[in-house]
Amino acid sequence: MLNISFPSLSNVPPMLKPTLILVALSFCASSFAQQQDVLPPTWTSQLGVGMNVDWALTERGIREFDPLTVRDFQQRGFGHVRIRVAGPITHQKLVHLRRIVDACEQYHIVPVISYRAAELKAKPTAENAEDIVEWWTTVARFFAKNDDSLVFDIIGQPEEKLSANPQLLNQIYDKTVKAIHKISPQRHIFVAPRSHASPEALATLKIPESRHGLVMADWHLMPGGPKNWNGKTWNGKNQWTTGTDAEKAAIHARIETAVHWQQKTGHLSWVGNWSPGSKLPIDQQVAMATFVACELQKAQIPYAVNGDEKFYDGEEGAWRPDMAPLLDAILKPQCQ
């Protein structure tokens with residue numbers, strides 16, 4: 001509630017009191033409207049913890065998808081799924097995506113359609129840039145009647161040659177967001193910065209204009225897991241051996257980079273992809289997952305982990321029992 005207090009009117013002439021009260025109420029109403037306008041969108045609280053899924057990407061993922069899988073994800077505690085898609089958009093692909101999105105809406109999980117855009121990444125030309133706009137225009141029209149819980153992630157993890165051209169990337173986002181919002185004005189959209197969507201690259205990202213935080217940043221944190229195997233350090237930012245103070249500090253610093261960007265720009269963000277990897281012993285995967293999940297939850301940044309085949313057996317329609325401790329650490333970490 002808005003806390004309204006008035007100064008004493010005891011010394012004000014009676015004929016001026018009504019006017020002063022009206023001015024004060026008008027000021028308070030204006031202040032309240034401004035507060036409402038800058039409040040973060042409530043839908044971000046619905047995202048919670050998510051998972052990257054290949055239900056519309058790989059041959060196996062498409063074949064094994066069952067709407068009851070979405071029910072299993074919801075019952076396990078997931079709030080959203082990042083549905084990865086590749087290649088030209090066809091009617092058959094749209095119909096399959098419809099099955100997934102409908103199941104997500106039925107079981108109250110937020111669906112995020114994420115396009116890989118491989119052609120653009122390999123060859124960032126004006127022609128391929130226009131193809132991105134057309135791809136998303138087709139998808140937006142197909143899902144125009146779906147409610148606002150459906151989210152579009154324009155380009156999942158910009159990389160390769162596209163990373164060298166942040167200006168083109170920002171132009172693509174601007175044109176694509178305008179095309180989508182012309183069809184669905186309330187559609188939530190994620191846009192990712194260059195350099196594999198690293199948090200350090202957020203400074204190069206220009207968020208397209210939108211009201212009420214409809215466009216958010218999508219950044220990634222060790223999407224393939226830590227790059228430190230058998231004591232060989234690949235990258236000081238992407239390490240985890242036994243969770244040393246230095247390794248924890250490096251991860252914390254990267255998350256803080258995103259937090260500072262949010263504070264500076266006023267935009268919100270989402271970690272669309274991170275992973276404890278598979279090269280570490282399971283106990284260290286659990287330790288890393290616990291630390292990262294706790295850090296992100298403290299920062300109030302929603303996140304999606306990679307990926308569904310590691311945790312869920314699509315053929316059997318069941319969670320892999322040996323992954324239960326790691327899944328628990330990702331969903332409900334025991335934070336100190």
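Predicted model: local features only at pLDDT ≥ 70, side-chain atom pairs only at ≥ 80, totals over all residues.
Residues are numbered from 1 along each chain as its sequence is written, and side-chain values use heavy atoms, with hydrogens and water left out.

**Around R84**
- You'll find R84 in strand β2, residues 80–85 (strands are DSSP runs of E, at least two residues; helices are H or I, at least four; both are numbered from the N terminus).
- The R84 side chain makes a polar contact of 3.1 Å with the side chain of N306 (a pair of N or O atoms within 3.5 Å, one able to donate a hydrogen and the other to accept it; residues adjacent in sequence count only if both atoms are side-chain atoms).

**The negative patch**
- On the surface, E119, E127, D131 and E134 come together as a patch of negative charge (residues with over 30% relative accessible area and no salt bridge, like charges joined within 9 Å).
- The top contributor is helix α7, residues 126–142, with three residues.
- D131 sits in helix α7, and D131 counts as partly exposed because its relative accessibility is 38%.

**D102**
- Helix α5, residues 91–106, holds D102.
- With a relative accessible area of 36%, D102 is partly exposed.
- D102 and V70 are 32 residues apart along the chain, and their C-alpha atoms are 10.0 Å apart.

Terms used:
Patch = residues over 30% accessible without salt bridge, like charges linked within 9 Å, V, L, I, M, F, W, Y side chains within 5 Å. Areas by Shrake-Rupley, 256 points an atom, 1.4 Å probe, with all protein chains shown as cover. Salt bridge = Lys/Arg side-chain N within 4 Å of Asp/Glu carboxyl O. Lys, Arg positive; Asp, Glu negative; His and termini not counted. Charge placed at Lys NZ, Arg CZ, Asp CG, Glu CD. Buried < 20%, exposed > 50% of the residue type's maximum accessible area, 1.4 Å probe, protein only.
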